[in-house]
Amino acid sequence: MSLNKSLVYGFGVALLALFVVGFIVGAIGSKFTDSNPFLKKPEVHLPPQLIYDPFTSDAHGDSHDDHSKESDGHGAHEKDGHHGLPPNHFVITNTLISSWIATLILILVLVLGARGGRSDREPKGFYNIIESIISALYGFAEGVVGDNAKKFFPLFATIFLFVLVNAWLGLIPIYQSLSTFDSEGHITGHFLRPAGTDLNMPLALAIVSFIFVEYWGIKTLGFGYFGKFFRFGALLKGKIFEGIVDFFVGILELLSEFIRLVSFTFRLFGNMTAGEILLLMTSFLIPFAFSLPFYGLELLVGVIQSLIFSALTLVFVTMAIEPHHDEGEDH
Amino acid sequence: MEALGFHWPSLIAYLLNFTILLIVLTKFAYKPILKILDERSSNIKDSLELADKVREESAQQQAQLDDQLVEARKQGQSIIEDARSAAEKLSDQEREKSKKEAEEFLVKAKNDIERERDSAMDELRSNFGGLAVSAAEQIIQRSLDENTHKDIIDNVLENAFTDKTEES
């Protein structure tokens, strides 16, 4: 009892000491002491960094053993890596590698986990964890869309898990610190960066979500699905005012389908990027213990963003398959 | 868009990546797990139904058992009752019988006594007859004064007594 208590007190004192030391050596404290801050001011670049270009076989990342050559083109590489990728061909970026890692983790964990299950036995061990995650997600999907949950569940769950794992990968210590250095010890590139901070990843998810929404809408309602967007019914009946209003409502509906793409993309991209910048800045201003609460915050943000992305997809799908009022219907 | 990092080959890479993930997870993770969940929930439903049925049955059986128990108790009671009444009857009979026997015995004894007494009287009477005859004989043989008379009678009585004692 007293040992536990003293442990807690010791831990608290250590945290406080770390905080104080961080405050003194960090960017804020160093202004008072007129010294260099403990960490350099982080540079934030929105585009991901190029790690490997398969077409010119120009390995930016794999150059530990070849510092001299690397340092020659250092400035050019920096510019290359940060301010644009070769525009028209495929390159491997650090965010792409990160997304592959997330994909591998998900496939390994879920597929291996699913193998241990039997319906006539109580769920045990690792399979139990996987099953409870899946069944919790399924329960959520069922709560949103009801009986259709079975059809939409794979998309929903995959988006949720993919976004979540990608967001949380970036919170693993050292994950983003794996870097390449030049001969002077400057960081020239980071191997790994959470994929959510790469605009293309949220955009890809938004496109997948968009495609599935439209696909299920058309599949369920047939050609009538487009009736939601092109409302000429009232106009053709000769009701001029109502017809014009209805027509514009249809145009707005159509626009909102595409605006979703943008909002989906930038919501996730913005949140993930802002989280990264927040962690960088807190560590820069007051190193060590100060950024801990923000890590907790980012864990939460990861869950919330993945839930928002996946749940909104579910909601849009549900809206798309709902039979809407016909153009010809009188109100 | 360029400044934000838009890069269409990367976009396609992510699309492919996600599609593969979606297919693999659907096929090898969601489907088996959801199937297991479905099976388990239907199993549980079945077992719950079965449990209901069993509970109903057992309740019925319990009721039956209770009925049987009540019946058995009733029967036992009646058996005990019967036995008790039979025993009472038996003991009554027994008592009656012994009473009767005792009475019979008593009557017989009385009869015996009476007969005994009668025979004793008869014997006495017959003995007295003899005595009277012998006394009369003696009286006739001797002179009839008062003293001899008395002697004779005494003599006779004495003889008779001694005879009597000798006889018995």
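**Figure 1. Salt bridges in the predicted model, with the pair B:Arg40 and A:Glu131 in close-up**. A search of the whole structure finds seven salt bridges over all chains. In one of them, B:Arg40 pairs with A:Glu131, and their closest N and O atoms are 2.8 Å apart. This pair joins two chains, because B:Arg40 lies in helix H1 of chain B and A:Glu131 in helix H6 (residues 125-145) of chain A. B:Arg40 is buried, having a relative accessible area of 13%, and A:Glu131 is likewise buried, at 6% relative accessibility.

Figure 2. B:Arg55 forms a salt bridge with B:Asp52, with 3.1 Å between the closest N and O atoms. B:Arg55 is exposed, with a relative accessible area of 54%, whereas B:Asp52 is partly exposed at 44%. B:Arg115 forms a salt bridge with B:Asp112, the closest N and O atoms being 3.2 Å apart. At 54% relative accessibility B:Arg115 counts as exposed, while B:Asp112 is partly exposed at 34%.

**Figure 3. A negative surface patch on chain B**. The patch is formed by B:Glu94, B:Glu96, B:Glu101, B:Glu103 and B:Glu104. One of these residues, B:Glu94, lies in helix H1 (residues 8-141) of chain B. B:Glu94 has a relative accessible area of 48% and is therefore partly exposed.

**Figure 4. A nonpolar surface patch on chain A**. A:Phe11, A:Leu15, A:Leu18, A:Val21, A:Phe38, A:Leu39, A:Phe288 and A:Leu292 together present about 720 Å² of accessible area. Helix H1 (residues 2-25) of chain A gives the most to the patch, with four residues. A:Leu292 is found in helix H11 (residues 292-321) of chain A.

Figure 5. Neighbours within four places in sequence aside, A:Ser306 is in contact with A:Phe160, A:Val163 and A:Leu164. Not counting residues up to four places away in sequence, A:Leu268 touches A:Val163, A:Gly196, A:Pro202, A:Leu205, A:Gln305 and A:Phe309. The C-alpha atoms of A:Leu268 and A:Gly116 are separated by 34 Å, and the two residues are 152 residues apart along the chain.

Definitions and conventions
Residues numbered from 1 in each chain as written. Chains lettered and ligands numbered in written order. Predicted model: local features only at pLDDT ≥ 70, side-chain atom pairs only at ≥ 80, totals over all residues. Heavy atoms only, no water. Patch = residues over 30% accessible without salt bridge, like charges linked within 9 Å, V, L, I, M, F, W, Y side chains within 5 Å. Areas by Shrake-Rupley, 256 points an atom, 1.4 Å probe, with all protein chains shown as cover. Salt bridge = Lys/Arg side-chain N within 4 Å of Asp/Glu carboxyl O. Contact = heavy atoms within 4.5 Å. Lys, Arg positive; Asp, Glu negative; His and termini not counted. Charge placed at Lys NZ, Arg CZ, Asp CG, Glu CD. Buried < 20%, exposed > 50% of the residue type's maximum accessible area, 1.4 Å probe, protein only.
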